[in-house]
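Here are my notes for a colleague opening this model for the first time. Please read them with the structure on screen.

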Amino acid sequence: MPSDYVMNRIVKGATVKTTDEYESRCNSLFGKCEPITEAIIIDIDPISQVTTLRLPNGKTRDINAFWLQLA
């Protein structure tokens, strides 16, 4: 489990990035994956632990909180 497990530490408005483990697993499963180096949490579902992120380019993306750490 990542050291900054977000469900206990991050709230809406926090700046996060994906973990190194996320990039490693993504690359092994799908080829080359771009890590998220900076994004802002705009919503968190406490039951499913899925976060909605606003990326620097203005787009949004949903990702499980397990793969995030404080930026």
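This is a predicted model: local features need pLDDT of at least 70, side-chain atom pairs count only at pLDDT 80 or more; totals for chains, interfaces and linings use all residues.

1. Start with the order of elements. Along the sequence, the pattern runs β-α-β-β-β-β.

2. Next, the overall figures. The protein has 71 residues, and 35% of them count as buried.

3. Look at strand E2, residues 39-45, and strand E3, residues 50-54. How do E2 and E3 pair, parallel or antiparallel? The sense is antiparallel, over five bridges. Ile-41 sits opposite Leu-53 of E3. The two strands make a hairpin with four residues between them. In that turn, Gln-49 has a positive phi of about 60 degrees.

4. Now follow E3 on to strand E4, residues 60-64. This pairing is antiparallel too, and five bridges hold the record of it. Thr-52 has Asp-62 in E4 as its bridge partner. E3 and E4 also form a hairpin, with five residues between the strands. Here Gly-58 takes the positive phi, near 95 degrees. So E3 pairs with E2 and with E4, because at least two bridges are needed for a pairing and each of these has five.

5. How many salt bridges does the model contain? The count is two. One joins the side chains of Asp-43 and Lys-12, at 3.7 Å from N to O. This pair links distant parts of the chain, 31 residues apart. Asp-43 belongs to E2, whereas Lys-12 lies in the segment before strand E1 (15-18).

6. Are the two partners buried or exposed? Lys-12 is exposed, because its relative accessible area is 55% and the exposed class begins over 50%. Asp-43 is partly exposed, at 37%.

7. The other salt bridge is between Glu-21 and Arg-25, whose closest N and O atoms are 3.0 Å apart. Both residues lie in helix H1, residues 20-30. They are four residues apart, about one turn of the helix. Glu-21 counts as partly exposed at 29% relative accessibility. Arg-25 is partly exposed as well, with a relative accessible area of 46%.

Terms used. Residues are numbered from 1 along each chain as its sequence is written. Side-chain values use heavy atoms; hydrogens and water are left out. Buried means under 20% relative accessible area, exposed over 50%, partly exposed in between (1.4 Å probe, protein chains only). A salt bridge is a side-chain nitrogen of Lys or Arg within 4 Å of a carboxyl oxygen of Asp or Glu.
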